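Hi,

Here is the structure I promised to pass on.

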Amino acid sequence: MSAKGDYKNPTPTVDILIELASAPGQLVFVERKNEPRGFALPGGFVDEGEWVADAACREAKEETGLDVELVELFHVYSNPKRDPRQHTVSTVFIGRAAGLPVGGDDAARCIVAAPDALPGPLVFDHATIVADYVAYKRTGTRPPPKR
């Protein structure tokens, strides 16, 4: 607690690993319009009064135009350095969708790509999240609690 009694708590966020039926083994990624620039999983901040699952579906719709069905709660990422702008805690979901993603909101564009075939680097800790997802799909083992 600071001298004024204000708390400095992490900000809740969500990220979604979106699988498309039409593209097995590939995921939906967004190219960010804003800093930090680069590719990312669709996601964003949880609004006050919003369930994290609802935030995930809303962010997916805003950034990709896709109606996503959340099928699994994947993991929680809370490294204080995961976002250079501020300390965030991300609840990460696996979701499925049909259709063609189109960039919207703060996404310049969307791409569907294999995790190892991205045209540029992933921002935040999304390379870790994607690597954990790939390992989970291969082995069925989730990452450890502190990752």
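How many disulfides does a search of the whole structure find? The answer is 0, counting as a disulfide a pair of cysteine sulfur atoms within 2.5 Å. For C57, the closest cysteine sulfur is the one in C110, and at 15 Å that is too far for a bond. C57 is partly exposed, at 29% relative accessible area, while C110 counts as buried at 15%. The cut-offs here are under 20% relative accessible area for buried, over 50% for exposed, and partly exposed in between (1.4 Å probe, protein chains only).

Before you go further: this is a predicted model, in which local features need pLDDT of at least 70 and side-chain atom pairs count only at pLDDT 80 or more, while totals for chains, interfaces and linings use all residues. Residues are numbered from 1 along each chain as its sequence is written, and side-chain values use heavy atoms, with hydrogens and water left out.

Now for helix α1, residues 52-64. Helices (H or I, at least four residues) and strands (E, at least two) are DSSP runs, numbered from the N terminus.

Which residues of α1 are buried? They are A55, A56, E59, A60, E63 and T64. These cover an arc of only 130 degrees around the axis, so they sit on the same side of α1; the arc is taken from the directions from the helix axis to the C-beta atoms. As background, an α-helix has 3.6 residues a turn, so residues three or four places apart point the same way. The buried residues of α1 pack against several strands, including β1 (11-20), β5 (69-77) and β6 (88-97), where contact means heavy atoms within 4.5 Å.

Most residues other than glycine have a negative phi, and most peptide bonds are trans.

- E35 and P36 are joined by a cis peptide bond, with omega about -10 degrees; P36 is in the loop between β2 and β3 (39-40).
- D105, in the loop between β6 and β7, has a positive phi near 60 degrees and is partly exposed at 48%.
- F124, in the loop between β7 and α2 (126-139), has a positive phi of about 55 degrees and is partly exposed at 23%.

Cheers

Conventions: Expected span 1.5 Å × (residues − 1).
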